[in-house]
Amino acid sequence: MFTKILFATSGSPCCDAAARVAFDLAARYNAKLFVYHVLGVPSRGFSQVVVDVRTGEKVELDEDYTLWVKDELGNTYDRQMKSGVDCEIETAVGIPHREVLRKARQEDVDLIVMGASTTGCEADADAYQRHFAGSTLQRVAKVSKAPVLVVNRPVASFWGGFTNIVFGADFSKASEHAFKFALNTAKELDAKLHVFHAIDIGSTHSLISQKQLDDQMIEARDRMRRKYLIQTGDFKNVTADIWEGIPYVEIVKYAREKQADLIVMAHHSKDVGDEDSAFGHTLEQVLLRATCPVASVNRPDKIQTV
């Protein structure tokens, strides 16, 4: 399923949950795991002084400091590394999202694993209070050719593999790639696939009549059948449901009801090359609230037919 996995980490406790999932995936699928940390951003030009991405402090960058960081990462993930996973610890200097994307392209990875914040616990706490996912995650998920698996909360890391997969359907073009990833993953792992759509009644300023809601339900069922379910072929381990409400709330509730261990959603962008465009509201809120890992998919590059 996965042969190369990139785990982007700050080495802080905020990445512990994502680390458990990354190492577990690598062990289960005998994949090569790259533990990757960006040391910091050069303070100016080709200066050897970098601004640490976690603390914001200026640090003199030399071989001793680089080796010390690698040793610290090795100590942090010592228990997981003793499990026999084929793992490499690497560091880089630069802007975090650019370096993560560069490494992912260089190694041609099948999956990127991240926490909602890769810059430290304080940034992560602020992100949750503002209901806003970390900017590094936004930019990586926006342009990554590989699916990005996000583990935001500790509860989301204690699972036994992918057995129940929820796909959040929104009928967009981007969702076609996300559905293929969800379907292929379910087929490969013999998992249950739950196709789910939430009719948005939270963004309207006027009441929706029951007839209008019934009509939307009928239309949504037809679109779900034509756009997604027709692709399942002989794969029978699939269900489909449509609820009404606020989409991100209903997706999280549905995933809990189905005891999902993975949620797959499309990452929307008018131009996937625009690294500064806004993060999708529904996906962002699901990332912050889900009790299982969430996979963000926006490109077909690393999605193959099973």
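Reader: Which hand does the crossing of H4 and H6 have?

Author: This is a predicted model. In it, H4 covers residues 96-107 and H6 covers residues 135-143, and their axes come within 8 Å. These axes cross at roughly 35 degrees. The hand of the crossing of H4 and H6 is right-handed.

Reader: How many residues of the contact of H4 with H6 are nonpolar, polar and charged?

Author: H4 brings Pro96, His97, Val100 and Leu101 to the contact, and H6 brings Thr136, Arg139, Val140 and Val143. By class, the contact of H4 with H6 divides into 1 charged, 2 polar and 5 nonpolar.

Reader: How many charged residues does the contact of H9 with H10 have?

Author: From H9, the residues are Pro247, Tyr248, Ile251, Val252 and Arg256. They meet His281, Thr282, Gln285, Val286 and Arg289 of H10. Of the residues in this contact, 5 are nonpolar and 3 are polar, and the number of charged ones is 2.

Reader: What percentage of the residues in the chain is buried?

Author: The chain has 10 helices and 13 strands. A residue counts as buried under 20% relative accessible area. Among the 306 residues of the chain, the buried share is 52%.

Definitions and conventions. Residues numbered from 1 in each chain as written. Predicted model: local features only at pLDDT ≥ 70, side-chain atom pairs only at ≥ 80, totals over all residues. Heavy atoms only, no water. Axes fitted to C-alpha atoms, helices over the stretch in contact; angles between N-to-C directions. Helix = DSSP H or I, 4+ residues; strand = E, 2+ residues; numbered from the N terminus. Left-handed = near helix turned anticlockwise from the far one by under 90°. Contact = heavy atoms within 4.5 Å. Nonpolar A, V, L, I, M, F, W, Y, C, P; charged D, E, K, R; others polar. Buried < 20%, exposed > 50% of the residue type's maximum accessible area, 1.4 Å probe, protein only.
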